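Here is a friendly briefing to read alongside the model. Please have the viewer open as you go.

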Amino acid sequence: MPHFPKPAEGSWTEHYPELGTGDVSYQDSISPEWYELEREAVFGRTWLNVGRVEQLPKVGSYFTREIDAARTSIVVVRSSKDEVRAFHNICRHRGNKLVWNDFPAEETSGKCRQFTCKYHGWRYALDGHCRFVQQEDEFFDLDKSDYSLASVHADVWEGWIFVNLDPENTTSLREYLGELGKGIEGYPFDKLTQVHRYRAEVGSNWKLFIDAFTEFYHAPVLHAKQAVSDESRKLSKVGYEALAYGIDGPHGMVSSWGGMAPPKDLNMVKPIERVLRSGLFGPWDAPDIGLDELPTGLNPARHKSWGLDSYLFYPNFMVLIWKPNWVLTYHFWPTTYNTHVFEGTCYFAPPKTARDRLAQELAVVTFKEYSLQDGNTLEATQAMLESRTPVKSFPLNDQEILLRHLHKTTERYVNQYERQLEHATVRS
Ligand code: FES
Ligand SMILES: [Fe+2]
C-alpha cells in the first residue's frame, strides 16, 4: 500500500523493509544478457502505455508503435465508437509488416476503413478479421476466419491506452495500476489537448533515465544554472527534500514543492519567465479545467506549497501532474541494453490567447533544457558503469528510494520469469 505522509519514525526507505538500505548494484544497467531477460520478463508481461484516446478521434483512426524491447510492432485502432483494439502489425499471409508508410521501421498514424497489405493485397477489418484474400481459390481450403490479425490485450484507463503483450495475462489494467492509479482517477486529462512532443535517442540504459526523473536530489546541483545566481546558491546550500513518497506494487510516486509558479519573489526567476509568467513549473496563470477538487491521491501530504506529483507506472511510463493544471509524461523505450528512446510529452489546455501560447511554449522549452542537462549526465554515467572500474555498487540515499524500488522491482520480474522458465524445463 502507498504510505503518506512521512513515517513518524525512521526514513521513507526503512518504511519498506524489503528495499533494504545497502548499496545497490548497477550490473542490471550494463549487461546485454540481463537486458535480454528484461525484454521478456518486463516488457513482454506488463501493461505498457502507448498513447491517448485523443489520438484516435474517429472509428478507423489508428497509430502504430514500434516496441523494440518486446520485439514487435503493434497497430492500435479505434475499431468502434467505444472500443480501442491492438494487433501485432503482421500480415497473416506471409508476414509482411501490415501498416507503415515510407519507411517500415518508422511509426505512422492515420485513418482507414480497413487495413490492406502492401505485398499481395490481403485486407483486414478494423476488428482484425481477414476480409479479402487476393485470388482466394488459388489457396488450399483456406478459411479466412482462421487468419485474423493476432490481437494484443488493449485497455483504456482515464483516456490512456495501454497494451499487454502477454497472451496469458489475466491482470486487468485497473488492478495493475493499483492504489496509485486509483488515486488520480477523475483528473481531467481529457481537457489537456494542446500537446507538444519531444523524442530523443539516449545513450544509456532505460532505467538510468528513470532514475534521473524519480529523484530531485540532483536538481539544485545539476540544474543550478537554471535559477538566477543568488537563488541557485541558496538552493544548493539547502538541497532538496520531497513532500512525500509512495510505493504500491511495482509503481511509485514522489510529491514535490512548487514555489516557482509563481515564485514568491519575482527576482528569483529569469527575466523571460517574469515577462511570460511561466517557467519549468508551467504557466503561472492556471487555466480552468473544471478541477474543483484534486483527486484524493494528489498532494498526499496536503501541503500548501505543493507543486507537482510524479508517478512512475512501471515499467516505463511517468506522469507528472503540476499544480498549474498541466501534465507532462515521459516514456522510456529500450532499444538495446545501453540505448533507449525517450519521449517527453507536454499536455496543456488549449491556449485562448497568444500570451497563453507563449507561456506554454516557455514551459515546453524549459523542460527540454532540463532534459538535455539530465541526458548529458546519463551518457557519462553509462560510460563509467561499463568501464573496467572496481566500483560496482552504489549507496542510495532516502531521496533515492524510488530508484532502489525500480531496480528491485525489475530484479523481481526477472527472477520470477527465470523461475517460470526453470519450471517449464523441468516439466518438459
Ligand atoms: S504478405 Fe500480406 S498479402 Fe502477402
Ligand atoms: Fe533533472
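This is a predicted model: local features need pLDDT of at least 70, side-chain atom pairs count only at pLDDT 80 or more; totals for chains, interfaces and linings use all residues.

Residues are numbered from 1 along each chain as its sequence is written, chains are lettered from A and ligands numbered from 1 in the order in which they are written, and side-chain values use heavy atoms, with hydrogens and water left out.

**Backbone and loops**

- Most residues other than glycine have a negative phi, and most peptide bonds are trans.
- Asn299 is not a glycine, yet has a positive phi of about 45°.
- Asn299 lies in the loop between H6 and E15; helices (H or I, at least four residues) and strands (E, at least two) are DSSP runs, numbered from the N terminus.
- Arg277 is also in the loop between helix H6 (271–276) and E15, and has a positive phi of about 50° although it is not a glycine.
- With a relative accessible area of 31%, Arg277 is partly exposed.
- Tyr314 and Pro315 are joined by a cis peptide bond, with omega about 5°.
- Pro315 sits in the loop between strand E15 (306–313) and strand E16 (317–322).

**The iron site**

- His218 (NE2), His223 (NE2), Asp374 (OD) and Asp374 (OD) coordinate the iron ion (ligand 2) at 2.1 to 2.6 Å.
- Donors here are N, O and S atoms within 2.8 Å of the metal (3.2 Å for Na, K and Ca); water is not among the atoms, so sites may look incomplete.
- Along the chain, the donors of the iron ion (ligand 2) follow the spacing H-x4-H-x150-D.
- The four donor atoms subtend angles of 54 to 142°, which makes the arrangement irregular.
- Four donors count as tetrahedral if all angles lie between 85 and 135 degrees; four count as square planar and six as octahedral if opposite donors are over 155 degrees apart and all others between 65 and 115; anything else is irregular.
- Both His218 and His223 are buried.

**Helix packing around H3**

- The axes of helix H3 (residues 206–213) and helix H8 (residues 401–427) come within 9 Å and cross at roughly 150°; axes are lines fitted to C-alpha atoms, for helices over the stretch in contact, and angles run from 0 to 180 degrees between N-to-C directions.
- H3 and H8 are therefore roughly antiparallel to each other (over 145 degrees; under 35 is roughly parallel, 65 to 115 roughly perpendicular and the rest oblique).
- Trp206, Lys207, Ile210 and Asp211 in H3 meet Leu403, Leu406, His407 and Thr410 in H8, where contact means heavy atoms within 4.5 Å.
- The axes of H3 and helix H7 (residues 354–386) come within 10 Å and cross at roughly 135°, which makes H3 oblique to H7.
- On the H7 side, the residues that H3 meets include Asp374, the residue that also coordinates the iron ion (ligand 2).

- Thr345, in strand E18 (residues 339–348), counts as buried at 4% relative accessibility.
- Beyond its neighbours within four places in sequence, Thr345 is in contact with Val195, His196, Arg197, Val327, Leu328 and Thr329.
- Ala261 is buried, with a relative accessible area of 18%, and is found in the loop between strand E14 (251–257) and H6.
- Leaving aside neighbours within four places in sequence, Ala261 is in contact with Phe281, Gly282, Trp284 and Pro324.

How values were computed
Buried means under 20% relative accessible area, exposed over 50%, partly exposed in between (1.4 Å probe, protein chains only).
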